[in-house]
Amino acid sequence: MNIEQLFSVKGKVALVTGGSRGIGKMIAQGLIAGGAKVYISARKADACDATAAELGPNCISLPADISSVEGARQLAARLAEHEQRLDILVNNAGAAWGAEFEDFPEIGWDKVMDLNVKSPFFLTQALHGLLKAGASADTPAKVINISSVDGMRINPWETYSYQASKAALIQLTKRMAVRLLRDHIYVTGIGPGAFPSDMNKAARDNGDMVANGIPNKRVGDWMDISGAVIFLASRAGDYVIGTTIPVDGGIVNAQVPLGGYDPEGH
């Protein structure tokens, strides 16, 4: 095996939720560049279709609202109409909500928890059969949960449900990894820092300013996040199980003082 084979995702079948924009689109772009066939899902059908058209013939649009269990099951059923196996599942779809403590609403709690914690679990459950179908000890299937550095450190902004949900997803990743290991499905996670997106408008619109608070002095790009995903999804990442890797330019482990950097830009 050479280095190219070690990091290869060529011929793999992948599903990326929240794949029409932001980090999800970056991940899909990287997997496609590596030779994978990538299905992307997003709630807005027009945006999902447009991104698939932009990324080319190896990107297929499967619009869905996976904030409910039924929505997750419907997406799994639609994928099963196209594929007999799933090699890579990237649970990336997410939401955030910011409000002061005294005014934080129940809908801001439930919406975020449902999409950020419940949907990764129930979508993986619904896709369990497809994930097992092509998995073996030599070629395990991979589930990669996209958390956040906000689940690893305190963000000074009042995004209570978001920070709680991302911490919960990190723990859920560990627990899912223990169970799914027996099926040759390896579960890991990534905790992104500042990447330009509609969710992180600060990194998108004021990248230079945000970069001042990052140890390596820049925001992330598609190669940073897709490189981490390709590592975990390929043979190179087979010995990483249950761990969530920060991809953040050094924010978490460099211990940037609270208030010096807002990794989510809320």
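At what angle do helix α2 and helix α3 pack, and how far apart are their axes? Helix α2, covering residues 22–33, packs against helix α3, residues 45–55, at an angle of about 30°, and their axes are 11 Å apart. Here axes are lines fitted to C-alpha atoms, for helices over the stretch in contact, and angles run from 0 to 180 degrees between N-to-C directions.

Before going on, a word on what you are looking at. This is a predicted model, in which local features need pLDDT of at least 70 and side-chain atom pairs count only at pLDDT 80 or more, while totals for chains, interfaces and linings use all residues. Residues are numbered from 1 along each chain as its sequence is written, and side-chain values use heavy atoms, with hydrogens and water left out.

Let us step back to the whole chain. The protein chain has 11 helices and 7 strands; helices (H or I, at least four residues) and strands (E, at least two) are DSSP runs, numbered from the N terminus. Its C-alpha trace spans about 50 × 40 × 35 Å along the principal axes. For 266 residues, a compact globule would have a radius of gyration near 18 Å, and the 17 Å of the protein chain agrees with this. That radius is taken over C-alpha atoms, and the globule rule is 2.2 Å times the number of residues to the power 0.38. Of the 266 residues, 52% count as buried, where buried means under 20% relative accessible area, exposed over 50%, and partly exposed in between (1.4 Å probe, protein chains only).

Now back to the helix pair. α2 and α3 are roughly parallel to each other, a label given to angles under 35 degrees. Which residues meet between them? From α2 come Lys25, Ala28, Gln29 and Ile32, and from α3 come Thr51, Glu54 and Leu55. By class, this contact of α2 with α3 has 3 nonpolar, 2 polar and 2 charged residues. Ala, Val, Leu, Ile, Met, Phe, Trp, Tyr, Cys and Pro count as nonpolar, Asp, Glu, Lys and Arg as charged, and the others, Gly among them, as polar.

One of these residues, Thr51 in helix α3, is worth a visit. Thr51 is buried, with a relative accessible area of 4%. Leaving aside residues up to four places away in sequence, Thr51 touches Gly19, Ser20, Lys25 and Ile40; contact means heavy atoms within 4.5 Å.

Finally, look at Ser8, in the loop between α1 (3–6) and β1 (13–17). Ser8 is partly exposed, with a relative accessible area of 26%.

How values were computed. Angles under 35 degrees count as roughly parallel, over 145 as roughly antiparallel, 65 to 115 as roughly perpendicular and the rest as oblique.
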